[in-house]
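Here is a colleague's note to read alongside the model. Please keep the structure open and follow the numbered points one by one.

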Amino acid sequence: MKHEYLAGLVLAALVTAGCVDDPAAPEPEPEGGPITLAAAIPQSGRHGDLGNEVARGYRLAVEILNEKGGVHGRPLQLVLRDDRSDAETSARLYAEFIDSDAIDALLGPYSSPITNAVLAVTEAAGIPLVAPAAAAPEIWAGRQRQWSAQLLNPAPSYLKGSVEVAALVGARDVALVWEDTAFPASVAGGVRVGAAVHGLDIVFAEAYAVGAADHEALLAAARDAGATLFIGGGYATDAIEFTRAATAVGYRPLLMSLLLGPAEPNFIDEVGEAGRCVMGNAPWDPTIRTSGFISDSETMVQRHEAAYGTTPGYHAAAGFGAVELLAEGIDQAISATGDADRSAIRDFLFTATTETVLGPYSVYPLEDPRAGGQRALTGLQVQWQDDGAGGLARRIIHPWAIANAAPCLMR
C-alpha cells in the first residue's frame, strides 16, 4: 500500500466516525476485505445543517447494508471528513482520499459549487463518484464527464412546477430573486422558461451576492411591483428569512415558492404561522413509497426517526440513495470481475436504469456531451397547509397525478 501516512489518516477517520472497530482488535475479514467509500461533507459552516442530513443518509445506508451482510459478504466502510462548507478544503480532502490508495469509490460533497471543484480532482484520478447534492446542470452539460454521476433532478426543473401551480390559481406577475451562484441561478433560468410557457410576466428580477440579501428590501420591492408570485431564493437560511420578511413588510402574494427550505422538516419550526401556504421543490417526500438496492423508503424513514428523532428530508434520502447506487454498482462489478473494479463500477453508473430510495435513476451515457447528468428523476412541489389539528403539515401539490392536496393561497 502506498502513501502509508494518508492511509493511516483514512483509518483514523473511520475509527473517529464509528464506522470501524478499534484497529488494535481487528475482526476477521471476509475474503477480499472491506469495501471503502469516502466523502468530504459539510458538518460545519454555511451548509452544515443540510450537509449533516446527507451524511446521516450515508451512515444509515451503510449500516443497513452491513446488517444484511454487505456486498458479496464484504462489509462497507465509510470515511467522512468535514470540509467546513469550503470548496478548496473539500477538493484537498478528496485529493487525500485518492492519494491514500485506500478508497474503492467516492460519495459527493454538498452543493453545486463544491461538487464542481471536487470533480476537477476526482475525474482526473479516474475514481467513480456519485454526487447526491449537486443540481446545477452546468457541472455535467458539455463536460463529457467520465467518472461522476448526478443523483438529483437538474436545477432548472426545481420550481417549474410552482410556476404551473401559480398560473392555475391566477397569478400573472412574478418577482424572481436568486442567490448569484450556480445552483440558484440555474433554478432562476428554469423559472424564466416556465413563466414564458404559462404566460406570466416577470415584473421584478434581482440577483444577490452570497450572504448579502436584504430580505425585507427585496420583499418590499416585489410587493411594490405588484407581483402575485414571489419565487426563488438561495439555500435554507434564505428561505427562512424571506418567509419572515414577507410578514414584516406586509407582503401577501397569492403564492410564495422558495428554494431549499420548505421541503425540510424543520422549516415550519423556524417560521411558524408565516409558513402557511409557502411552497417549494422536493425531489423526494417521505409519504411516497420508493425502494432501492439496500432498503425501501418506509424502512429508511423508520430508521432515521429512531436514530435521529426526526423524519428525514430529501437530503437524507439523497445520501442514502447515493450509497445504494454505488453498492449496486459494486455488486455488479464483483459479479462480473470478482473484485470492486473501478472501471466496472463506472460503467454501471453510466448505463444503469434503476431505482434508489430517492427515486428513478438514469444518466446520459459516456458518449454524450452531458454524460453523467441525471435524466430520470423529476421533482415534486410541496406546500405547508393546515394539518386538521391546529398545526401545519407538508403536502404534495404537484405533479397533479400524485398530489395529495390542492394548493392553498396566501391571500
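1. A word on terms first: a residue is called buried when its relative accessible area is under 20%, exposed when it is over 50%, and partly exposed in between (1.4 Å probe, protein chains only). Helices (H or I, at least four residues) and strands (E, at least two) are DSSP runs, numbered from the N terminus. This is a predicted model, in which local features need pLDDT of at least 70 and side-chain atom pairs count only at pLDDT 80 or more, while totals for chains, interfaces and linings use all residues. Residues are numbered from 1 along each chain as its sequence is written, and side-chain values use heavy atoms, with hydrogens and water left out.

2. Let us begin with strand 1 (residues 35-41), where seven of seven residues are buried. In a regular strand the side chains alternate between the two faces of the sheet. Here both faces are covered: Ile35, Leu37, Ala39 and Ile41 are buried on one side, and Thr36, Ala38 and Ala40 on the other.

3. Which strands pair with strand 1? The chain gets from strand 1 to strand 2 by way of helix 2, in a right-handed β-α-β crossover (with the strands pointing away from the viewer, the path from the first strand over the helix to the second runs clockwise). Strand 3 (residues 105-107) is also parallel to strand 1, over two bridges, with Leu37 partnered by Ala105. Pairing requires at least two DSSP bridges between the strands.

4. Helix 2 (residues 48-67) also packs against helix 11 (residues 314-337), at about 40° and with the axes 7 Å apart. Axes are lines fitted to C-alpha atoms, for helices over the stretch in contact, and angles run from 0 to 180 degrees between N-to-C directions. That angle makes helix 2 oblique to helix 11 (under 35 degrees is roughly parallel, over 145 roughly antiparallel, 65 to 115 roughly perpendicular, and the rest oblique). Among the residues that meet are Leu50, Tyr58 and Leu65 of helix 2 and His315, Phe320 and Ala327 of helix 11; contact means heavy atoms within 4.5 Å.

5. Now please look at the open sheet of seven strands, which has the order 7-6-8-9-10-13-14 and mixed pairing. Strand 7 and strand 14 (392-398) are its edges, each pairing on one side only. Neighbouring strands are turned by 25° against each other on average, direction ignored.

6. Is strand 8 (residues 229-233) enclosed or open? Five of its five residues are buried, so strand 8 is largely enclosed by the rest of the structure. Strand 8 runs parallel to strand 6 (residues 173-179), joined by five bridges, and pairs with strand 9 (residues 255-258) in the parallel sense over four. Phe230 has a partner in each neighbour: Ala175 in strand 6 and Met256 in strand 9.

7. Finally, helix 7 (residues 215-224) has His215, Leu218, Leu219, Ala220 and Ala222 buried. These residues pack against strands 6, 7, 8 and 9 and against helix 8. Just after helix 7, Gly226 takes a positive phi of about 80°.
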